[in-house]
Structure formats: structure tokens, C-alpha cells
Amino acid sequence: MPMGHTATEKAGSGGLTATEHRLANGLRVVLSEDHLTPVAAVCLWYDVGSRHEVQGRTGLAHLFEHLMFQGSANVKGNGHFELIQGAGGSLNGTTSFERTNYYETMPAHQLELALWLEADRMGSLLAALDEESMENQRDVVKNERRQRYDNVPYGTSFEKLTAMAYPQGHPYHHTPIGSMADLDAASLEDARNFFRTYYAPNNAVLAVVGDIDPERTLAWIERYFGSIPGHDGKQPPRDGALPDVIGEELREELREDVPARALMSAYRLPEDGTRAADAADLALTVLGGGESSRLYNRLVRRDRLAVGAGFGLLRLAGAPSMGWLDVKASSGVEIPAIERAVDEELARFAEEGPTPEELERAQAQLEREWLDQLATVGGRADQLCRYAVLFGDPQLALTAVQRLLEVGADEVREVAAARLRPDNRASLVYEPTGSGQEPGEGTDGTDQKEAAQ
């Protein structure tokens, strides 16, 4: 088989290994054996997300996530779902700023079926893409936008904060969901050109993890993917670099039918793949990662200013990452009182940094999240793809936990002092119109990760 260089490396996360291969058409393949359970995960990342879109044609990356489940040359209609689920497997796809992924977890003896299905739609989706399927999925995506963004309390907050933190013309200014107008304007030819450009084997990474025979798996991959031609027309995404800080405090007040007053803020933080991003993740975990965090203890438990407070990190590789603060006010509490308490806690943290106990707890919390991901075949396949696509090296997924544990308290304090400042935030202040309900449960600060997909 015309495979390229193959390398194996053992990492610190439970002795997990991964091997890398490349087909002649440019498809990168990552395999990781795990015979603990008789299942196998297939994960395919295409290096295309909303950051690759141009003004006036936003939402195409997300639209294609849906079109990929509408049939291909040899699989009609909902056949992809029917075949996978009929074989005892599960499947889905998601879109973010930086990639689109598709994944299946199968009984190990059904692995070949999942590989054939992914290859069939990579190689032949255009044969089945017509006006009917385009209109069908355009309506599905528009309805998803209504359900997740436009018609739910605080639903457009992520979109609004992103647009504030990343200025007009920046590749991350718009979110993956796209605008209604752009979805309406997209033509069938726009979609076909988008697919030809980005859904090529040399713009993808395929990871297979689980109870596999590597040699036989590679033979199947070569058989089904090897004849799909590459494509050289892709343009690199626009530069996402920005100053470390916004330079002023941006603020927008909204009167909407929401259950409670709320303060939501976005901070520019270091790009993913850096030690500083790991330090920022630890800082936000100490400050707002759950009910033991500083902000929760101050705002909810001690001062009873809020019913929920969370601070989470949306990691981005091609632009500054985004720290997302989400506080829902207690009944009768005004937002300025919450802002004063938040600023006091951030200033104190910037001055003192985390205590040894706080740092240890934050590292343990993030380590557990990482190990939970790597413990499942699907989670491991996804992380191998992520590090291959965004950072060029899937092996980095297997050592990420160790890098996190090496970050010191001074680094955590320094990133907070440099970035968690009033002149580096964009804020939304929600005031209920009066028809809202009583305040609900709090947030853990991770909603922005869902909104980005």
C-alpha cells in the first residue's frame, strides 16, 4: 500500500499509543489500539470551520455538516443513520470555528461498514447533492438557529459576545451557525464549490481507535479512501491574530424576555496549544469552575448576589481563546453590584494567584476531564484528530495532561493579571422585560462550547 511514514510513540496517559500513516492522496490516518472492550471509534476531522467562510456566505460549514447525512452515491436519504444504528453503532457530527467532524462508535466487527460509509460520502456526496436536499437541510439549519439561538432566553449571547470580542472582518467574528440571510443566499453551486475545496482527503485526518487490527484497518482505509482524488484549491484561513487585550471595555445592555438579570463577559485569552492557554484554563477553573470556585463562593454562597456563576475557556487555535463569564443574578440584585464583586475577585486573584490547594484542585479537575476523554475510544479518536489538524501532531493529545500538571502558580497568576482586566472584556447586561420567570439554576460556564458547535 502506498502509505507514508509511520511512527509510534508511548505517552504518559496510561501508556496509550498512536501510529500515524499517510495515503498517497494526502489523507492522514491515526490508529490507536485498545482491546479493553470490543468496540471501535471512527473520527474524521475536515480542516474547515466558520473561520474559512467569507462575508456573505456564512454558515456553509455548518450546513455541510447536515448535508453529509443526506445521502451519497451509494447511500440514499437517511441511509447513513440507518446503517450505523442498525449495526449497533452511534454517530453524529459537529461544526466549530476551526473544523467539522464526523464520528461513529461501532461494535468492532462492524468497523469496515463505518469506514466504507465515511469514504462513500467523502468521495461521492456531489453525486447526490441536489436542490431538494439543499433546501431540506437549509430549512433544518434555520430551524436549529431558531431553537438554539433566536427563541431561547440568552440564546444570542454567544453570538453577540463573539462579534464584540473579534471585530468586524475578523475570521472569528461570526459563529458557525451563520445568519439567516446568508443561509438563504447560499446556492447549490456555492455548496458544490465548498465541498470540492474542503472535503478532500488531503484536507482531512481520520482516526480509528479501539479493538482493531491495525494492518487490516489500514487495508480497508486504503481500499475505500485511496482512490479519492485530492484537491489543491484550498486557501489558508485569514489571519486571526489580534492584540492580547481589546483595549477598552465594550458593553451592550439588552432588555429581553429572560428569567433573570444576567452579566455575561468575554475576555481574550492565549491561543490554544500554548502553555499560557493551559495557565488560563487553570485560572478560570479556580475562579469559576464549579461550586468550589472563588466566584461561586463569593457571588452565590457568601453575598447571595447570584443564583449561578461560571467561568469557562473556549480554546481557539487560530485566534485568541475566549474566556466566558456567565452570572445569573438573584432576584432584586442589580448588575453593578455583581460587577463590583467580580472585579474585586479578579483583582485579588491577579495580585495573589491561586493557593497551593486551589491549584492542586484545579489541576485535578482538568486532569479528570482529560482522562475521561481519553478513556473512551470516541473521545480519544476526537483528540487525536484535533491535535493532528490544529497542531500538526496527534501525539500531543497523549501528553496534554502532563503539560497541564507542569504549569505553576506564578504562570496562572501572570496570565490572570495580564488578561482578566476591565479593558479586555466585552460584556452583555440582560435586563428582564418583566414577563420572565423566577431565576433558575446556575451555570458551569461551559455553555459557550455547545454554542460553538
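Two strands pair if DSSP finds at least two bridges between them. I wrote that down before anything else, and also that this is a predicted model.

**Entry: strand β7 and its partners**

I looked up which strands pair with β7. Six bridges join β7 to strand β3, residues 28-33, and β3 and β7 run parallel.

Next I turned to strand β4, residues 39-46. Seven bridges link β4 with β7, this time in the antiparallel sense. Along that pairing I found Val42 standing opposite Val208 of β7.

**Entry: burial of β7**

Is strand β7 buried or exposed? I went through residues 204-210, and seven of the seven are buried, so the rest of the structure largely encloses β7. I then checked the faces of β7, and both are covered. On one side Ala204, Leu206, Val208 and Gly210 are buried; on the other, Val205, Ala207 and Val209 are buried too.

**Entry: cysteines**

How many disulfides are there? My count came to zero disulfides. Cys43 is in no disulfide, and the nearest cysteine sulfur, in Cys385, is 3.8 Å away. I needed the cut-off for this: a disulfide takes two cysteine sulfur atoms within 2.5 Å. I looked from the side of Cys385 as well: its closest cysteine sulfur is that of Cys43, and 3.8 Å is too far for a bond.

Last, I looked up accessibility for these two cysteines. Cys43 has 1% relative accessibility, so I noted Cys43 as buried. Cys385 is at 0%, so Cys385 also goes down as buried.

Technical notes. Residues are numbered from 1 along each chain as its sequence is written. This is a predicted model: local features need pLDDT of at least 70, side-chain atom pairs count only at pLDDT 80 or more; totals for chains, interfaces and linings use all residues. Side-chain values use heavy atoms; hydrogens and water are left out. Buried means under 20% relative accessible area, exposed over 50%, partly exposed in between (1.4 Å probe, protein chains only). Helices (H or I, at least four residues) and strands (E, at least two) are DSSP runs, numbered from the N terminus.
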